Amino acid sequence: MLKNWKNDLVSWIVITGLFLLLLEVTFFNKGLIFSLLASGAMVYFGRSLMPKKSGKALFWVGLFFFLSSVFSMFTFRFFLLAVLIYLIYQYIQSKKKPEMITPVLQEPEKESKQEMLMEKTPLFKNRLFGDQKTPSHVYEWDDVNIQTGIGDSVIDLSMTVLPKSETVIFIRNIIGNVKVYVPYDVEVSLRHSSIFGTAEVFGHQDIRMLNQNLFVQTPSYEEAGQKVKIFTSMIVGNIEVKHI
């Protein structure tokens, strides 16, 4: 019951926040959308011009105005207040009813074989800032599932041995570019979403990615043994998938 109440509370907070955002954009701050789009465009074009000084200046100025617009929003302050109140409530509840953990001791069975868990170092990590790319030498493949802030991700599949099954690449990015290099004998399925950016997949270029979704799949994907499924989403940035 308490769990359902918590879920309902979070749902009402999200619904209220979306309603306040609609009111703010429609009646109280009509220039907000233009400000966000303009600053996002500055960040995008500034990043495209890097490492030139003009590109760096345009990028950081655009990022400053983008964050200033977000922080000045009444809806953003509402969410901060709601999260703070929720954390305080959780803290008070934890003090009222501390969780009691009773250990259960059990004799291990000598003959039973316990399954060993192996921890592997992932190829990519969640990063707020910075670029990431696969090694330039031969490496062992592991599926990619990351969230990044500002930075590029480059994945070269020609330097590894893919499994005889479906390989998954999942990248969520705020600002930055994603490049995936695929061998010719590997089939590909791509699902990409972007607020502002470009997409180039196997020579097909779409320069009008403005709050759009893109789905591209090679003809023999379903029956292929080796295939790569790519999921990418970003606010500002480009996606490039090409054979190598």
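A charge sits over a ring if NZ of Lys or CZ of Arg is within 6 Å of the ring centre and within 35 degrees of the ring normal. In this predicted model, the charged end of Arg191 is placed over the ring of Phe215, 4.1 Å from its centre. Lys227 lies over the face of Tyr221, with 5.0 Å to the ring centre.

**Overall fold**

The protein chain comprises four helices and ten strands, and from the N terminus on these elements run α-α-α-α-β-β-β-β-β-β-β-β-β-β. Of its 244 residues, 32% count as buried. Among contacts between residues at least 6 apart in sequence, 64% join residues at least 24 apart. The protein chain exposes about 17100 Å², of which carbon and sulfur atoms supply 63%.

**Aromatic pairs**

| Pair | Distance between ring centres | Angle between planes | Class |
|---|---|---|---|
| Tyr44 and Phe45 | 5.2 Å | 70° | edge-to-face |
| Phe170 and Phe231 | 5.3 Å | 25° | stacked |

Planes over 60 degrees apart count as edge-to-face and those under 30 degrees as stacked; the 70° of Tyr44 and Phe45 therefore makes that pair edge-to-face. Tyr44 is buried, at 11% relative accessibility, whereas Phe45 is partly exposed, at 42%. Together with Phe196, Tyr44 and Phe45 form one aromatic cluster.

Phe170 belongs to strand S5 (residues 166-175) and Phe231 to strand S9 (residues 227-236), so their pair ties together parts that are 61 residues apart in sequence. Phe170 is partly exposed, with a relative accessible area of 30%, and Phe231 also counts as partly exposed, at 24%.

Methods: Residues numbered from 1 in each chain as written. Predicted model: local features only at pLDDT ≥ 70, side-chain atom pairs only at ≥ 80, totals over all residues. Heavy atoms only, no water. Helix = DSSP H or I, 4+ residues; strand = E, 2+ residues; numbered from the N terminus. Buried < 20%, exposed > 50% of the residue type's maximum accessible area, 1.4 Å probe, protein only. Contact = heavy atoms within 4.5 Å. Areas by Shrake-Rupley, 256 points an atom, 1.4 Å probe, with all protein chains shown as cover. Phe/Tyr/Trp six-rings, centres within 6.5 Å; stacked < 30°, edge-to-face > 60°.
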